[in-house]
Amino acid sequence: MSEKITITIDGKEITTDTEKKLLWVALDNDIYIPNLCAIREEERPYAGCRLCFVEIEGLEEPVTSCTQPVTEGMVVKTRTPQVDRLVKTSFELLLSDHRLQCNKCPKNKACELQKIARERKLKLKSKRIKHLERTFQIDDSPESFALDPSRCVLCNRCVWVDRNVAKAGCLGFSYRGINRIITTFNNVELTKSACTQCTLCVEACPVGALYFKE
Amino acid sequence: MELLEGEKEVIVNYVEGILEEFDPVQENLVPILQEVQERLGYIPALAMEMIATALDLPPVDVYGPATFYNQFRLVPPGKYQFKVCMGTACYMAGGQIALDSFERRLNIKEGETTPDREFGLEHVTCVGCCTLAPVVMVGDQVEGHVTPTRVDGILLAYDAITDEKENEGDK
């Protein structure tokens, strides 16, 4: 049963329900926490982007706010040196194999990565981590959209809508480690796969990996 | 890779048998894949589709784990499998050069098999005779000190270079 509780985020007192995840409580109250992979409807968050770290009083180490249920009297800080450092590193790692060229990207100015960089004053180009340039075949077989894995941040959002909303079962993760990419079964073109071209995955993509053609 | 004549029936037969041995739950996915590879030598796309149907999963959820684990191979092994050693000693002694030579001569990439399924190419990490570096294994046979010239010698011994193929390589 959900009941009303009061928590504090960055000194702001918020009344909310139990059974909610901290990330959504914060976002609903205009407190921005960076996130890429979070999906409100999902009960067991993927927690793969490692960007939504916060510090909670009483806990030794920062936690991902997307997996953290709120409890009565919880005191949260979204910006501490430790949190900032974790978020900065995660962000740099995500961008280390992300093909930038924002001016040529269809998601320019609507990109979640740009938004996080702006909000947290992070740079899109890191000096600390060597950039890995990778070339992939762009799959532009569908009529209205295309898939460019070199811009993918592996957030799982397209896979989630593909399974839970579109119920197509077309996209999934393949290969391992640095080679991990979004593919169809047997790596065929989207039009030759189970894809229904519903474009829900394109709307779910926070970056320019799945994008509408002009 | 194209299936050979009659191969489809063999795959369907084996995979149906294997699927009967397991409960159709997702936890059994990896054991099933292992069993398929054990009997067929590789995991054909057709087998993955059959497994997906049996476990009530989208086929891409079978493809994911099959590509994730190094133990699974999705292309059939060649009749002669060239294993180029990339252990530390062989790597330093020019294992990559040997691998490149094989790739050029056979016109396939590492991990692939020639369309006639005669020759396969893969890398291994240390076969335990580093003094012979760089080492290539052909089946159980060990070939040491493999220079590009030696690669040609090995391939000649297995009739891998015909005039036709050589010309293709020159193109």
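User: What area is buried between domain 1 of chain A and domain 2 of chain A?

Analyst: In this predicted model, about 690 Å² is buried between domain 1 of chain A and domain 2 of chain A, and carbon and sulfur atoms give 64% of that area. In domain 1 of chain A, the residues that lose the most area to domain 2 are A:L36, A:I39 and A:Y46, which together account for 72% of what that side buries.

User: What makes the side of domain 1 of chain A that touches domain 2 nonpolar, polar or charged?

Analyst: That side of domain 1 of chain A has five nonpolar residues, no polar residues and two charged residues. Leu, Ile and Tyr count as nonpolar, so A:L36, A:I39 and A:Y46 belong to the nonpolar class.

User: How many residues of each domain of chain A are in contact, and where do the domains lie in the chain?

Analyst: Domain 1 of chain A covers 4-80 and domain 2 covers 134-214. Seven residues of domain 1 of chain A are in contact with eight residues of domain 2 of chain A. The C-alpha centres of these two domains lie 29 Å apart. Between them the count of salt bridges is zero, while two residue pairs are in polar contact, both at pLDDT 80 or more.

User: Why is the pair A:R163 and B:D61 called a salt bridge?

Analyst: The closest N and O atoms of A:R163 and B:D61 are 2.9 Å apart. A salt bridge requires a side-chain nitrogen of Lys or Arg within 4 Å of a carboxyl oxygen of Asp or Glu, so this Arg and Asp pair qualifies. The count between chain A and chain B is one salt bridge.

User: How many residues make the contact between chain A and chain B, and which residues of chain A lose the most area?

Analyst: Contact is made by 15 residues of chain A and 12 residues of chain B. In chain A, A:Y175, A:R176 and A:F185 lose the most area to chain B, together 54% of what that side buries. The two chains bury about 1,100 Å² between them, with 60% of it on carbon and sulfur atoms. Four residue pairs are in polar contact across this interface, both residues at pLDDT 80 or more. Strand β7 (residues 172-174) of chain A supplies the largest share of the side of chain A that touches chain B, namely three residues. By class, that side has five nonpolar, seven polar and three charged residues.

User: What makes β2 and β4 of chain A edge strands?

Analyst: Five strands of chain A form an open sheet with mixed pairing, in the order β2-β1-β5-β3-β4. Strands β2 (12-17) and β4 (63-64) of chain A each pair on one side only, and they are the edge strands.

User: Why does the pair A:D97 and A:R134 tie together parts that are apart in sequence?

Analyst: The side chains of A:D97 and A:R134 meet in a salt bridge, at 2.7 Å from N to O. A:D97 lies in the loop between α2 (81-96) and α3 (112-119) of chain A, and A:R134 lies in the loop between α3 and β6 (145-147), so the pair ties together parts that are 37 residues apart in sequence.

Definitions and conventions:
Residues numbered from 1 in each chain as written. Chains lettered and ligands numbered in written order. Predicted model: local features only at pLDDT ≥ 70, side-chain atom pairs only at ≥ 80, totals over all residues. Heavy atoms only, no water. Contact = heavy atoms within 4.5 Å. Buried area = accessible area lost by both parts, 1.4 Å probe. Polar contact = N/O pair within 3.5 Å; in protein donor to acceptor, adjacent residues only side chain to side chain. Helix = DSSP H or I, 4+ residues; strand = E, 2+ residues; numbered from the N terminus. Pairing = 2+ DSSP bridges. Domains from an automatic or database assignment.
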